[in-house]
Amino acid sequence: MTDFFEDIKIGDTLELGEHTFTRDEILRFAEQFDPQPFHLSEEAAAQTHFGRLCASGWHTASVFMKLWVAAHQKVQEEAAAQGKTPAKLGPSPGFEDLKWIKPVYVDDTLRYKRVVTGKTESRSRPDWGLIHSDMLAENQDGKLVFSFKGTVFVERRPAGTGS
């Protein structure tokens, strides 16, 4: 997103990339951060409603963040290579409606993206605007498995710089 707040349109989509969840990484993440039985062992998972080993929802969210940062770094680098000054991203005041819709199993590949759903001018920070987006991940079958509504501050175009 090199665009300034004024340039961003509702419906704009940014493909963040994809990630395949391997058995070893699912186990490593679970051992360190989410030691529930269905994330730790195929045998234990078989005894649950999941039926087999699946990734922690927090793992899927962590991969989202990694891909989000990488996508924005790439956009920043591309803009710099073209001699452009990209808009700055500010902090996020939060997110809501986090959903783990379907389990993510061993060797599932998720494709992550951001879709802009709204814009709000900031009254407290006039040099910034808020971009509201749906953050989504679909599996290799095109099924939505993860989503949340995110908000992030985006720099407004400096006065006198045109469009």
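**View 1. The whole chain and its order of elements.** The chain holds four helices and five strands, where helices (H or I, at least four residues) and strands (E, at least two) are DSSP runs numbered from the N terminus. The model is predicted: local features need pLDDT of at least 70, side-chain atom pairs count only at pLDDT 80 or more, and totals for chains, interfaces and linings use all residues. Residues are numbered from 1 along each chain as its sequence is written, and side-chain values use heavy atoms, with hydrogens and water left out. Read from the N terminus, the order is β-α-α-α-α-β-β-β-β. Along the principal axes, the C-alpha atoms fill a box of roughly 65 × 35 × 30 Å.

**View 2. Burial and surface of the chain.** Of the 163 residues, 40% are buried, meaning under 20% relative accessible area with a 1.4 Å probe and protein chains only. Among contacts (heavy atoms within 4.5 Å) with a separation of 6 or more, 69% join residues 24 or more positions apart.

**View 3. Helix α4 and its ends.** Helix α4 covers residues 57–81. Its 25 residues reach 36 Å from the first C-alpha to the last, close to the 36 Å expected at 1.5 Å a residue; the expected span is 1.5 Å times one less than the number of residues. After the helix comes G83, which has a positive phi near 75 degrees.

**View 4. The buried residues of α4 and their cover.** Buried residues of α4 include G57, H59, F64, W68, H72 and A79. The cover over the buried residues of α4 includes the helix α1 (23–33). Also part of this cover are the strands β1 (13–20), β2 (94–100), β3 (109–121), β4 (128–138) and β5 (144–155).

**View 5. T60 within α4.** T60 lies in helix α4 and counts as buried because its relative accessibility is 3%. Its side chain makes a polar contact with the side chain of W100 at 3.4 Å; such a contact is a pair of N or O atoms within 3.5 Å, and within protein one must be able to donate a hydrogen and the other to accept it, while residues adjacent in sequence count only if both atoms are side-chain atoms. Neighbours within four places in sequence aside, T60 is in contact with F21, W100, V104, L110, Y112 and F146.

Conventions:
Buried means under 20% relative accessible area, exposed over 50%, partly exposed in between (1.4 Å probe, protein chains only).
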